[in-house]
Each structure stands twice: as C-alpha cells, then as structure tokens.
Amino acid sequence: MFYDAGCGVCTHVMRAMARRDRLERLTWISNQDTAALPPDVPPALLDTTILVLDPVSGRRWTRARACYEALAMLPFGRLYAWPLVVPGLSALAGLFYDWFSRNRADISVRLGLAACEVPRRTARSPLDTGGPSP
C-alpha cells in the first residue's frame with residue numbers, strides 16, 4: 001500500500017492500521033519510494049491518491065476503494081469498511097476521498113500534525129498568550 005508519507009493524517013492512519021495488522025497482511029510503502037512502483041504506474045498518481053496493490057493477483061485500487069481493500073485486510077475490517085463499497089455510499093465515499101486528498105495538508109496542520117514541509121505544531125499552554133514572560 002502506497003501512502004502519502006508527508007501527510008500527517010495519512011501517516012497517523014497508517015500507523016493505527018499497522019498496529020491492528022496482527023497478521024502483517026499489509027506492506028506500507030511511502031509515496032516517495034517510486035522505485036517500488038510497477039513500471040506502468042505513473043509516480044504522479046501518488047500525488048493525489050493512495051494505491052493498494054495485490055501482489056498475487058496484480059489487481060490495483062485507488063481512492064476510497066483502496067481504503068476499503070486495505071481495511072478489509074485487518075481483523076474484522078470488513079465489518080466497519082462495508083459502507084465504502086455499498087452502491088450510493090461508495091460514490092459519496094469517493095467524493096469525500098477526493099475532497100480530503102485535495103485538503104490533506106491543511107487538515108493535517110489544523111489537527112496539529114506534520115504536513116509535507118510544514119512542521120508539527122507544538123502544544124501551547126492555555127495560559128500562553130504568545131507574549132514575553134513577566
């Protein structure tokens with residue numbers, strides 16, 4: 001599974017899924033590791049979507065369907081991933097995925113996560129006004 005290693009939310013989700021992948025069915029590959037891509041997959045594809053590859057069958061998935069395929073590999077994953085493949089809901093999931101993909105850096109920053117070249121936001125005390133200390 002190729003994911004955006006520069007996206008804070010994407011990396012956070014990847015780590016959470018990796019912890020749940022007790023059978024180690026998923027292999028996580030940074031979108032920056034284009035040498036691992038099959039020759040017929042353009043590296044620019046990874047700028048806009050995740051990519052899940054099945055090395056046995058050669059099948060490939062992107063966008064929300066890739067999310068479903070990755071979640072389905074986790075124990076009980078199909079139980080909570082099924083809305084991603086139900087007709088109608090899958091179309092909405094695709095639209096949401098596209099919106100998230102376009103806004104992932106901003107969402108990561110708003111959540112205090114690292115985003116591409118934007119460093120992680122440091123936690124501030126509620127009493128910190130940003131001014132000099134007395």
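Buried means under 20% relative accessible area, exposed means over 50%, and partly exposed lies in between, using a 1.4 Å probe and protein chains only. By that scale D98 is partly exposed, because its relative accessibility is 25%. This is a predicted model, so local features need pLDDT of at least 70 and side-chain atom pairs count only at pLDDT 80 or more, while totals for chains, interfaces and linings use all residues. Residues are numbered from 1 along each chain as its sequence is written, and side-chain values use heavy atoms, with hydrogens and water left out.

**Overall fold**

- The protein chain has four helices and four strands. Helices (H or I, at least four residues) and strands (E, at least two) are DSSP runs, numbered from the N terminus.
- Along the sequence, the elements follow the pattern β-α-β-β-β-α-α-α.
- The protein chain has 134 residues, and 37% of them count as buried.
- Contact means heavy atoms within 4.5 Å. Among contacts between residues at least 6 apart in sequence, 47% join residues at least 24 apart.
- The accessible surface of the protein chain is about 9,000 Å², and carbon and sulfur atoms account for 60% of it. Accessible areas come from the Shrake-Rupley method with a 1.4 Å probe; for residues, only the protein chains shown count as cover.

**Salt bridges**

- The whole structure holds five salt bridges. Each is a side-chain nitrogen of Lys or Arg within 4 Å of a carboxyl oxygen of Asp or Glu.
- One of them joins D4 to R104, with the closest N and O atoms 2.6 Å apart. This pair links distant parts of the chain: D4 sits in the loop between β1 (2-3) and α1 (8-20), R104 sits in helix α4, and 100 residues separate them.
- D4 counts as buried because its relative accessibility is 8%. R104 is buried too, with a relative accessible area of 17%.
- Another joins R63 to D98, with the closest N and O atoms 2.8 Å apart. This pair also links distant parts of the chain: R63 is in helix α2 (residues 63-72), D98 is in helix α4, and they are 35 residues apart.
- R63 has 34% relative accessibility, so R63 counts as partly exposed.
- R110 and D106 also meet in a salt bridge, at 2.8 Å from N to O. They are four residues apart in helix α4, so about one helical turn separates them.
- R110 is exposed, at 62% relative accessible area. D106 is partly exposed, at 39%.

**Packing of α1 and α4**

- Two packed helices are described by the angle between their axes and the distance between the axes.
- For α1 and α4, the angle is about 95° and the axes are 7 Å apart. Axes are lines fitted to C-alpha atoms, for helices over the stretch in contact, and angles run from 0 to 180 degrees between N-to-C directions.
- The two helices α1 and α4 are therefore roughly perpendicular. That term covers 65 to 115 degrees; under 35 is roughly parallel, over 145 roughly antiparallel, and the rest oblique.
- G8, V9 and C10 of α1 make the contact with F100, R104, I107 and S108 of α4.

**Nonpolar surface patch**

- W82, V85, L89, L92 and L95 make a nonpolar surface patch of about 480 Å².
- Patches are made of residues with over 30% relative accessible area and no salt bridge; like charges are joined within 9 Å, and nonpolar side chains (Val, Leu, Ile, Met, Phe, Trp, Tyr) within 5 Å.
- V85 lies in the loop between α3 (77-81) and α4 (89-110). V85 counts as partly exposed, because its relative accessibility is 30%.
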